[in-house]
Amino acid sequence: MRNAVILTLLGASAAGCAARTPPFSERVFASEAMIRAAEEVGAEEVPPADIHLCLAREQVERARRLSAEGVRDRARRMLLRAQADAELALALTREARAQALAREAVAEVGSIHQRLR
């Protein structure tokens, strides 16, 4: 019985080691990819999205400085914030575009409704 417990604990320990966090460079790449995605959909043209896009860029740079200073944990958290801000910029841009399309559709329906009267 004791051997089974030890084997279970060893297996759980090995699984924990296998589920490591990605390296810093992968996190930087992921954050920068999300920033590029937001830029490509036009986040700079949507004021609320542009604010979060600027924050994301600043946070990536700050994370690089923190990493160079050896403060890896803070750098990792800063990259998580950068990625979240870039994702928010992307979502806000998509929402603004969807609202613009909805307004156009409502205006077109109103125009058609007027012509039918």
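This is a predicted model: local features need pLDDT of at least 70, side-chain atom pairs count only at pLDDT 80 or more; totals for chains, interfaces and linings use all residues.
A crossing is called left-handed if the near helix is turned anticlockwise from the far one by less than a right angle.

Start with H2 and H4: their crossing is left-handed. On the H2 side, the residues making the contact include Phe24, Arg27, Val28, Ser31 and Met34, while H4 brings in, among them, Arg72, Leu79, Ala82, Gln83 and Leu90. Sorted by class, that contact has 14 nonpolar, 2 polar and 4 charged residues.

Now for H3 and H4, which span residues 47-68 and 72-116. Their crossing is left-handed too, and the residues in contact split into 16 nonpolar, 4 polar and 5 charged.

Here are the two pairs side by side:

| Helix pair | Axis angle | Axis distance |
|---|---|---|
| H2 and H4 | roughly 20° | within 8 Å |
| H3 and H4 | about 165° | 8 Å |

So what do those angles say about direction? Angles under 35 degrees count as roughly parallel and those over 145 as roughly antiparallel. H2 and H4 are therefore roughly parallel to each other, and H3 and H4 roughly antiparallel.

Is serine 31 buried or exposed? Its relative accessible area is 0%, so serine 31 counts as buried. Setting aside neighbours within four places in sequence, serine 31 touches Val60, Leu79, Ala82 and Gln83.

Methods. Residues are numbered from 1 along each chain as its sequence is written. Side-chain values use heavy atoms; hydrogens and water are left out. Axes are lines fitted to C-alpha atoms, for helices over the stretch in contact, and angles run from 0 to 180 degrees between N-to-C directions. Helices (H or I, at least four residues) and strands (E, at least two) are DSSP runs, numbered from the N terminus. Angles under 35 degrees count as roughly parallel, over 145 as roughly antiparallel, 65 to 115 as roughly perpendicular and the rest as oblique. Ala, Val, Leu, Ile, Met, Phe, Trp, Tyr, Cys and Pro count as nonpolar, Asp, Glu, Lys and Arg as charged, and the others, Gly among them, as polar. Buried means under 20% relative accessible area, exposed over 50%, partly exposed in between (1.4 Å probe, protein chains only). Contact means heavy atoms within 4.5 Å.
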